[in-house]
Amino acid sequence: MGTFNAVPLHRHGRSIPAEASVRLRLRVHFTRGILDRQIAAGRQWESNPALALRARQLVDPRTRQQIACSLREIVDYADDRMSRRLISAVVVEPAAVRRARHPILGLAERLEGGAQLNAAGVARVQVLLTDGLSPLYDRHCPRTVTQAIYEVQDALEADTREVDVDAAAP
């Protein structure tokens, strides 16, 4: 099992491993949804450069801040939907989001905090936000938003090892 090297390099305001080639970064960018699902499912990323780079991106404070912002925007959307009619392509399930308001905002705060978090847990948040069948969007989902958030919280607390920078080499 790999460990993180805590010294990120910055290029254009983003943290990247020094060994990550442009080709690898592009591949990760275009396949990040698939990679997020694999990481969320617990796939080991140490031996896969694309997974290693994506895991490192997920635990980066900037990415965590963006995900927390998305969580807050969903709560704001559900609140606005209650007070007035909105026209939007977003199909958030407002009642489900309003019922889980405090767990969602608590998760956003946790992502914004400085504590080290498991990449699989952060990936689960990303999948929750982007999967149209998640309880945030699907009223027929067997899990509630609160149940999904608690599952994410458990995953964030799991083994908080990070990705070895060398594993992200092309």
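This report covers a helix pair, a loop asparagine and the cysteines of a predicted model.

## Basis

The model is predicted: local features need pLDDT of at least 70, side-chain atom pairs count only at pLDDT 80 or more, and totals for chains, interfaces and linings use all residues. Residues are numbered from 1 along each chain as its sequence is written, and side-chain values use heavy atoms, without hydrogens or water.

## Helices α2 and α3

Helix α2 spans residues 32-40 and helix α3 residues 49-59. Helices here are DSSP runs (H or I, at least four residues), numbered from the N terminus. The two axes come within 10 Å and cross at roughly 85°. Axes are lines fitted to C-alpha atoms over the stretch in contact, with angles from 0 to 180 degrees between N-to-C directions. α2 and α3 are therefore roughly perpendicular (65 to 115 degrees).

From α2, the contact (heavy atoms within 4.5 Å) uses R32, L35, D36, Q38 and I39. From α3 come A50, L51, R54, A55 and L58. By class, the contact has six nonpolar, one polar and three charged residues.

## Asn118

N118 lies in the loop between α6 (101-112) and α7 (119-130). At 7% relative accessibility, N118 is buried (under 20% relative accessible area, 1.4 Å probe, protein chains only). The N118 side chain reaches the backbone nitrogen of A120 at 2.7 Å.

## Cysteines

The structure has zero disulfides (pairs of cysteine sulfur atoms within 2.5 Å). C69 is partly exposed at 36% relative accessible area (between the buried limit and the exposed one, over 50%). C141 is buried, at 16%.

Technical notes:
Helix = DSSP H or I, 4+ residues; strand = E, 2+ residues; numbered from the N terminus. Polar contact = N/O pair within 3.5 Å; in protein donor to acceptor, adjacent residues only side chain to side chain. Parallel < 35°, antiparallel > 145°, perpendicular 65-115°, else oblique. Nonpolar A, V, L, I, M, F, W, Y, C, P; charged D, E, K, R; others polar.
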